[in-house]
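Please open the structure in a viewer and keep the sequence at hand.

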Amino acid sequence: DWANYTESPLRAFENELGVQAPVGYFDPMGMSKDGDLKTFRRRREAELKNGRVAMFATMGFITPEYFRFPGYLSPAKELKFSDVPNGLAAFSKVPLTGWIQILIFCGMVDFGLYRADDSRDPGDYENAGILGVPNASGPMSDVEGRKRKLNSELANGRLAMVAITGMLFQNGMFGTTGPAMWGFGA
């Protein structure tokens, strides 16, 4: 009976954020069976960052189907935003300098705004406001509300990681994007 194994290292993280019904603490590969808190925190930090990136990526994959910025992406190359295809095909159209700008921006955000601090919870960045949104707000005072929102962020991040992987695979395999991908179009 699982209830008898209260001292098991497998139980070390059962009360952490992200442990949600109906699965509970999910570690099918036993990667945290040693109960190492430092390793768990590093993995949780990575999960949060990857989840946040995946949520942005998912929105970035869907949004161009319904909205495009007016004007030029690269005036020097006379490349309009509307000329860039959706999905993986965009990689070949965006100029190298555009990709360099994107990487520099991501690096500045990651190494500047979202600096990990061992004295804070994983994913809780001093300069990033509530739930990682840089809006100059302080920490949430409602403990239960904060826990609920953080659990939602972990669950949504996990879903977004699966979603963007599926969308990229489908786009690469079948070449579909937008409504055709969602099953609403031809």
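What percentage of the 186 residues in the chain is buried? Buried residues, those under 20% relative accessible area (1.4 Å probe, protein chains only), make up 24% of the chain.

This is a predicted model, in which local features need pLDDT of at least 70 and side-chain atom pairs count only at pLDDT 80 or more, while totals for chains, interfaces and linings use all residues. Residues are numbered from 1 along each chain as its sequence is written, and side-chain values use heavy atoms, with hydrogens and water left out.

**The whole chain**

Colour the chain by pLDDT, the predictor's confidence in each residue, from 0 to 100. The average is 81, and 84% of the residues score at least 70. Next, display the helices (DSSP runs of H or I, at least four residues) and strands (runs of E, at least two), which are numbered from the N terminus. Four helices and two strands are present, in the order α-β-β-α-α-α along the sequence. Confidence is highest in strand β2 (residues 79–80), at a mean of 94, and lowest in helix α4 (residues 178–182), at 78.

**The largest nonpolar core**

Select Ala54, Phe61, Ala160, Ile164, Met167 and Met181, the six residues of the largest nonpolar core. Such a core is a set of buried Ala, Val, Leu, Ile, Met, Phe, Trp, Tyr and Cys residues joined through side-chain atoms within 4.5 Å. Helices α1 (37–62) and α3 (143–174) each supply at least two of its residues; the largest share, three residues, comes from α3.

Centre the view on Met167. Apart from neighbours within four places in sequence, Met167 is in contact (heavy atoms within 4.5 Å) with Thr58, Phe61, Ile62, Met181 and Trp182.

**Arg44**

Move to Arg44, in helix α1. Is Arg44 buried or exposed? Its relative accessible area is 9%, so Arg44 is buried. Not counting residues up to four places away in sequence, Arg44 touches Glu16, Leu17, Gly18, Pro122, Leu154 and Arg158.

**A nonpolar surface patch**

Finally, select Met108 in helix α2 (residues 96–113). Met108 is exposed (over 50% relative accessible area) because its value is 58%. Together with Leu96, Ile100 and Ile104, Met108 makes a nonpolar surface patch of about 440 Å². Accessible areas come from the Shrake-Rupley method with a 1.4 Å probe; for residues, only the protein chains shown count as cover.

Note on methods. Patches are made of residues with over 30% relative accessible area and no salt bridge: like charges are joined within 9 Å, nonpolar side chains (Val, Leu, Ile, Met, Phe, Trp, Tyr) within 5 Å. A salt bridge is a side-chain nitrogen of Lys or Arg within 4 Å of a carboxyl oxygen of Asp or Glu.
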